[in-house]
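Dear colleague,

Please find below the structure that I am handing over to you, together with its sequence. My findings follow directly after it.

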Amino acid sequence: MGRRVAEDDSLKVILTGAVDIKAGDWIVANGVLGMALESIKLEASESGAIAIESDEGIYETDQIGDEDFETIGSKIYWNNENKIFTLLDKIDKEDPDPDVPNTLVGVLTDVIKDEEEVIKAIQFYYFPTIV
């Protein structure tokens, strides 16, 4: 027998150690990439639980690298080392044999710029990913 155990699309994750997460931050917790739905601050010896949104959909974030996010439809990757979304498929484009590839997580759908045309945030289609 099987059943769905959660009606919404959030996932409760357990965090341990020193963290300072704000609602809206993208994080990897329990092997899943998701957007924090609440804030939490923990000291090194503490643990706690928060909900993350990890459902497929269109998201907006300013947690991005400094690449030129101009081409709608570009693949978006998660860089777990720097905790940002990027256009790069590996940590260091100059390294011919990278140890850690970035994880493909979606496709760029829009770019948000300020009045001086500086990119402030992106919108992207996210597909759930295990990191």
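Asn30 lies in the loop that connects β3 to β4, the latter spanning residues 32–36. Please note that the model is a predicted one. The backbone of Asn30 has a phi near 55 degrees, which is a positive value in a residue other than glycine. As a general rule, most residues other than glycine have a negative phi. With a relative accessible area of 52%, Asn30 counts as exposed, because the cut-off for that class is over 50%.

A second residue belongs in this part of the report. Glu117 sits in the loop between β10 (103–113) and β11 (119–126). Its phi is near 70 degrees, again a positive value in a residue that is not glycine. The relative accessibility of Glu117 is 55%, and Glu117 is therefore classed as exposed.

I turn next to the sheet in which β3 and β4 take part. Four strands make up an open sheet, and their order is β1-β6-β4-β3, with antiparallel pairing. Its edges are formed by β1 (10–16) and β3 (26–29), each of which pairs on one side only. From one strand to the next, the twist averages 55 degrees. In general, the strands of a sheet pair through backbone hydrogen bonds, in either a parallel or an antiparallel manner.

Within this sheet, the pairing of β1 with β6 may be described in more detail. Strand β6 covers residues 47–53, and seven bridges link it to β1 in the antiparallel sense. In this pairing, Val13 is placed opposite Ile50 of β6.

As to the protein chain as a whole, the secondary structure comprises 11 strands and zero helices. Read from the N terminus, the order of elements is accordingly β-β-β-β-β-β-β-β-β-β-β. The chain has 131 residues, of which 36% count as buried.

Finally, a word on contacts along the sequence. Taking the contacts in the protein chain between residues at least 6 apart in sequence, 51% join residues that are at least 24 apart.

With kind regards

Methods: Residues are numbered from 1 along each chain as its sequence is written. This is a predicted model: local features need pLDDT of at least 70, side-chain atom pairs count only at pLDDT 80 or more; totals for chains, interfaces and linings use all residues. Side-chain values use heavy atoms; hydrogens and water are left out. Two strands pair if DSSP finds at least two bridges between them. Helices (H or I, at least four residues) and strands (E, at least two) are DSSP runs, numbered from the N terminus. Axes are lines fitted to C-alpha atoms, for helices over the stretch in contact, and angles run from 0 to 180 degrees between N-to-C directions. Buried means under 20% relative accessible area, exposed over 50%, partly exposed in between (1.4 Å probe, protein chains only). Contact means heavy atoms within 4.5 Å.
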